[in-house]
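Please look over the sequence and the three-dimensional model shown here before reading on. The paragraphs that come after it are meant to be read with both in view.

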Amino acid sequence: MVSFVCISQMKFDKEGNVTSFEKKKTELCQELSLQTRDLRFQHHTSLTARNNCIIIRMETLRAVVTPQCLLVLDFRGLGLERWLVLELAHQLASHTNPLPFEFRALEAILQHRVSALQARLNEVHPVILDTLESLVDPKLLSADRTKLHVLLQNSKSLSELETDIRVFKDSMLKILDEDEIIEELCLTKWTDPRVLEESSLGIDHAEEMELLLENYYMQAEELGNDTRELKGLIDDSESVIFINLDSHRNVMMRLNLQLTMGTFSLSLFGLMGVAFGMNLMSSFEEDPRVFWLVTGFMFLGSGLIWRRLLSFLGRHLEPTSPPPVAHAHTRTITFLFRNSSS
């Protein structure tokens, strides 16, 4: 059954000429002297050398680099056609890089991968900063559920991006730690006599390959640092949001307690009005001044009791206000947001 599996391919030669065709998987393996398992691309991100070929998997991109050409496999429907035709062919045809063909092909693919990761970070970065800036406002009495949902979705995207960056870094670091693998990636080093002559003259292609991989490893490291900084900002903002909400909740609870005390004071001295409102005869209702005297005494007593209770509340419960860290945090987010916009 494997012999009937056809793979769509786009072939780039050293001059940047492009041809697309389909070929059976077994025929491709025989042409490249590879095993069938070598083209399974089991790992999400991988870069390995087999039989004078470099087998690359960068997320959806699957490619095989030889000393003479670059084969991009299963490229249809992945949104890579524009990059393949307009950018990759031009990069491979460039004669400004004196290094062998596999260096240009590998650099173009790594640059595309790092650019894709950078584009994903640029997409979520301003959205997260804008959302955080609005959520940490200490004047808000409640958090906007819509903005919280937006923040949650972008946080998930940021976590996925951090994972992809870490996988890319680990794959690069694994190669950088093994000198033999770096030597194997220099495909033309032992096949082209001119390359052997350059090696004898002190031009070390293995060292150039190591510098190439290290360059993109450092770029991925910077992306990882930016991602971790943004995640840390989200965690700090979450704490500020909870502090602001707790502060407003405490203010409402304090107000509710004050109103309860006022109600208690009125109810306590309102008993006098209840007593005089009973249908019982006494000598007090004959005096017209008693009504105003009792009413005044009720309000005066209620006010004194309420004042006394408020004084007790003030001694034991200091009034709370939104924490100043929220203002500082807002200024920090605003500063970062302006920098990202510029």
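Predicted model: local features only at pLDDT ≥ 70, side-chain atom pairs only at ≥ 80, totals over all residues.

Residues are numbered from 1 along each chain as its sequence is written, and side-chain values use heavy atoms, with hydrogens and water left out.

The chain has 9 helices and 6 strands, where helices (H or I, at least four residues) and strands (E, at least two) are DSSP runs numbered from the N terminus. Of its 342 residues, 37% count as buried; here buried means under 20% relative accessible area, exposed means over 50%, and partly exposed lies in between, with a 1.4 Å probe and protein chains only. Among contacts between residues at least 6 apart in sequence, 65% join residues at least 24 apart, a contact being heavy atoms within 4.5 Å.

An open sheet of 6 strands has the order β2-β1-β6-β5-β4-β3, with antiparallel pairing; two strands are taken to pair if DSSP finds at least two bridges between them. Its edge strands are β2 (18–24) and β3, each of which pairs on one side only. On average, and with direction ignored, neighbouring strands of this sheet are turned by 20 degrees against each other; axes are lines fitted to C-alpha atoms, for helices over the stretch in contact, and angles run from 0 to 180 degrees between N-to-C directions.

Helix α4, for its part, lies across β3 and β4 and runs at about 25 degrees to β3. Within the sheet, Gln-9 lies in strand β1 and is buried, with a relative accessible area of 0%. Leaving aside residues up to four places away in sequence, Gln-9 touches Thr-19, Ser-20, Phe-21, Lys-23, Leu-28, Leu-71, Val-72, Leu-73 and Phe-75.

Two packed helices are described by the angle between their axes and the distance between the axes. Helix α2 (residues 81–93) and α3 pack at an angle of about 140 degrees, with their axes 9 Å apart. That makes α2 oblique to α3, given that angles under 35 degrees count as roughly parallel, over 145 as roughly antiparallel, 65 to 115 as roughly perpendicular and the rest as oblique. The crossing of α2 and α3 is right-handed; a crossing is right-handed if the near helix is turned clockwise from the far one by less than a right angle, and left-handed if anticlockwise.

In this contact Trp-83, Leu-88, Gln-91 and Leu-92 of α2 meet Phe-101, Arg-104, Ala-105, Ala-108, Gln-111 and His-112 of α3. By class, the residues of the contact divide into 6 nonpolar, 3 polar and 1 charged, where Ala, Val, Leu, Ile, Met, Phe, Trp, Tyr, Cys and Pro count as nonpolar, Asp, Glu, Lys and Arg as charged, and the others, Gly among them, as polar. Also in helix α2 is His-90, which counts as exposed at 60% relative accessibility.

Helix α3 (residues 101–135) packs in turn with helix α4 (residues 145–176), at an angle of about 150 degrees and with the axes 9 Å apart, and the two are therefore roughly antiparallel to each other. Here α3 passes α4 in a left-handed crossing, and the contact has 17 nonpolar, 4 polar and 5 charged residues. Asn-154, which lies in helix α4, counts as buried at 13% relative accessibility and touches Val-124, Val-127 and Ile-128, not counting residues up to four places away in sequence.

Two loop residues remain. Ser-33, in the loop between α1 and β3, has a positive phi near 60 degrees and counts as partly exposed at 48% relative accessibility. Glu-59, in the loop between β4 and β5, has a positive phi of about 60 degrees although it is not a glycine, and counts as partly exposed at 27% relative accessibility.
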